[in-house]
Amino acid sequence: MKEKLRYFTKENYIFILILPLIISIILFFYEKIFATIGLILVVLLYFYIKKIDDNNEDFFQAYIDELDYSFDEITKNVVFQMPFPIVILEDGKTIKWHNSNFKELFEAKNLIGKSVNNFITDFSQIDFSKQSTDPISVDIYDKVYEFYYSTIKREKFDDELTFIYGIDNTSDENIKKIFKDRRLVVLTMYIDNFDDLRQSTKASDRSSLTGEIDRIIMNYFEKFGAMVRKYENDRYMVMIHYDDYKKIYDSKFKILDLVRDVKKGNSIQPTLSVGVGLSGSKPIDVYEESRISIDIALSRGGDQVVIKEGDNYEYFGGKSKATEKISKVRSRVISQALKRMVETSSKVFVMGHNNPDMDSFGSALGIYEGIKSIGKECYFVLNEVNKPIENIYNRTVEDLEGFRENVVTEIKALELMDQGSLVIVTDNHRKNSTEAPSLIDRTEQIVIIDHHRRGNDYIRNATISYIEPYASSASELVTEILNYFDESFKARVPVAEALLAGLTVDTKNFVYQTGVRTFEAASILKRWGADSIIIKRMFKDDFEIVKYKSEVIADSTVINDFIAIGHFNREMDGSTLIASQAADDLLNIKGVKASFVLTRANDKIHISGRSLGDISVQLILERIGGGGHLTSAATQLDMSIEEAEIMLKKAIKEYLEEEVEKNEDNIN
């Protein structure tokens with residue numbers, strides 16, 4: 001049959017007929033009798049070839065039928081004999097057919113006609129009408145299957161059939177799990193306040209204190225099969241397998257509480273910071289991740305765990321107030337390092353955060369004053385004067401000689417910048433929150449001076465990063481830096497008053513987040529000529545602002561018996577100032593431990609959070625993209641005020657639930 005199909009083609013027929021036809025036509029001019037005979041033979045040949053052609057078509061059809069039948073038989077045998085679970089769904093849901101391997105996955109006796117979602121719930125999330133080459137990973141009892149599917153639409157029956165087959169991937173998943181469970185995890189740990197802890201303890205008790213801390217740390221981690229090495233008086237390194245580390249993670253790092261409870265004659269509570277590195281192709285990479293994590297933990301105030309896995313961070317602890325450092329050594333070192341950087345730079349640009357407040361303006365102005373005192377060219381970056389700094393700005397421009405000429409916008413600063421320029425950021429460490437984010441990308445010389453706990457999006461390429469969450473304000477840190485700038489240094493009165501104003505605002509008139517160094521900084525500013533009466537006058541509110549704050553308080557509600565939530569549903573100049581001040585006022589209500597006020601600002605929803613210290617508004621607002629301090633934090637959300645309140649309440653609920661779990665763990 002195949003031979004006939006190969007030689008008797010239409011091209012051969014045409015060639016066989018045309019040649020005798022041409023010969024007959026030529027003979028017609030010479031011998032008509034022979035020509036006639038030739039034509040008759042051509043006609044007879046035509047009918048003969050046609051008969052062969054018809055037979056050939058019959059042979060071809062028989063061949064196709066035989067091939068189709070053979071393919072059906074092969075397909076049926078293959079499908080039935082395949083060692084995979086196979087199921088055919090009608091309209092992506094109802095089981096129309098399955099093989100025995102699929103049925104064996106489940107205990108049900110009859111699957112036909114039932115929804116596949118009853119047996120594999122993961123399929124309910126899949127739209128089988130959309131073709132995809134990605135497998136669907138499903139856990140069925142103690143096995144893992146990857147299911148692939150293909151869907152065809154049958155026009156004749158107006159329905160869809162989905163062919164699904166699964167591959168047992170349990171072995172591969174087990175190998176992955178073993179690899180994950182046995183991978184290396186590195187923890188870097190510091191005792192946050194080691195020097196101050198020793199100074200607060202009698203000499204006779206110091207060795208027993210450090211010995212007790214060592215014993216607790218060693219015993220705790222060795223219980224999980226970890227290797228612990230102490231490489232400095234206050235520093236430890238832990239190496240552990242991931243599956244053992246996961247047990248520590250699930251216990252929410254109780255080591256923090258164990259160290260905090262150590263009492264061996266010490267008057268200061270010891271606290272521990274832990275940096276965890278989880279990912280990396282080499283041990284050194286995992287170690288570097290743990291080092292980055294510990295730096296973040298320390299810059300956020302310590303007494304917490306920071307976990308880094310790739311670009312993701314997770315936090316535990318951080319619910320206690322950052323401990324004020326007794327020693328001012330670091331402040332002096334930073335002051336001298338900053339002075340050297342200023343002297344070697346071509347130009348200096350100073351800025352705070354966008355939508356500046358008193359602390360942002362005052363601390364930036366203090367740095368500006370220090371730079372001008374050593375005769376260096378310095379520019380103050382400020383795009384607009386908002387309501388919170390309007391009074392202090394007008395007074396500074398009026399009384400501080402040469403200041404107005406050195407105030408520039410972001411656009412102007414970009415024009416003035418050159419390769420040797422230095423950028424100093426105060427009261428903020430996040431690039432996108434600075435007054436001029438584009439300046440950060442234009443230089444490699446950056447200095448950060450901030451008192452907020454470090455978040456994920458911090459400026460990573462800073463040459464000097466002076467972030468001290470224990471401090472009451474950036475103005476306090478800047479005052480200390482200026483005091484070490486030069487023995488004869490004395491800030492001009494408008495600058496001293498701006499710094500004192502920033503310090504006063506952030507401490508709520510020296511009530512919150514204050515320590516010995518806060519009052520020492522205030523005394524320095526008083527010696528430089530700062531007048532508290534003038535600052536008090538600058539803080540006076542307009543009658544309209546007082547009315548708006550009253551509206552917020554009147555409209556507020558209290559949830560969980562101790563958290564107040566208010567709204568200022570107006571978008572206007574100074575709305576964030578009204579919200580933050582109203583949040584402060586809500587704390588004066590009896591029984592209220594924390595307060596949040598939502599308002600509109602720059603087409604976004606701004607949330608100001610305040611607390612008395614029992615509740616960390618920072619940890620609550622960090623859950624929705626914000627940050628700040630234990631007692632003062634804020635965030636901005638691009639959504640409606642109703643959606644923002646729902647998200648806020650969810651964050652509050654999660655925070656309170658974690659607190660309850662922690663207290664229960666401590667009791668047990």
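Predicted model: local features only at pLDDT ≥ 70, side-chain atom pairs only at ≥ 80, totals over all residues.
Visitor: Why is the pair Lys247 and Asp244 called a salt bridge?

Guide: The closest N and O atoms of Lys247 and Asp244 are 3.7 Å apart. The cut-off is 4 Å between a side-chain nitrogen of Lys or Arg and a carboxyl oxygen of Asp or Glu, so the pair counts as a salt bridge. Both residues lie in helix H8 (residues 242–250), three residues apart, about one turn of the helix.

Visitor: What makes Asp244 buried?

Guide: Asp244 has a relative accessible area of 16%. Buried means under 20%, so Asp244 is placed in that class.

Visitor: How do you know that Lys431 and Asp441 form a salt bridge?

Guide: Their closest N and O atoms are 2.8 Å apart, and the limit is 4 Å, so the pair qualifies. Lys431 sits in the loop between strand S15 (422–426) and helix H15 (437–440), and Asp441 in the loop between H15 and strand S16 (446–450), so the pair ties together parts that are 10 residues apart in sequence.

Visitor: Why is Lys431 called partly exposed, and why is Asp441 called exposed?

Guide: Lys431 has a relative accessibility of 26%. Buried is under 20% and exposed is over 50%, so Lys431 falls in between and is partly exposed. Asp441, at 54%, is over the 50% mark and therefore counts as exposed.

Visitor: What makes Arg623 and Glu658 a salt bridge?

Guide: The N to O distance is 3.0 Å, which is within 4 Å, so the pair meets the rule. Arg623 is in the loop between helix H22 (617–622) and strand S22 (627–628), while Glu658 is in helix H23 (residues 641–667), so the bridge ties together parts that are 35 residues apart in sequence. Arg623 is partly exposed at 32% relative accessibility, and Glu658 is partly exposed at 32%.

Visitor: How many salt bridges are there by this rule?

Guide: The count is 28. Glu232, Asp234 and Arg235 are linked in a network of salt bridges.

Visitor: Which element gives the largest share of the lining of the second largest cavity?

Guide: H12 does, with three residues. This cavity has a volume of about 40 Å³.

Definitions and conventions
Residues numbered from 1 in each chain as written. Heavy atoms only, no water. 1 Å grid on protein atoms, 1.4 Å probe; cavity = no way out; pocket = protein on both sides within 12 Å on 5 of 7 lines; lining within 4 Å. Points joined across faces, edges and corners; volume = space filled by probe spheres on them. Helix = DSSP H or I, 4+ residues; strand = E, 2+ residues; numbered from the N terminus. Buried < 20%, exposed > 50% of the residue type's maximum accessible area, 1.4 Å probe, protein only.
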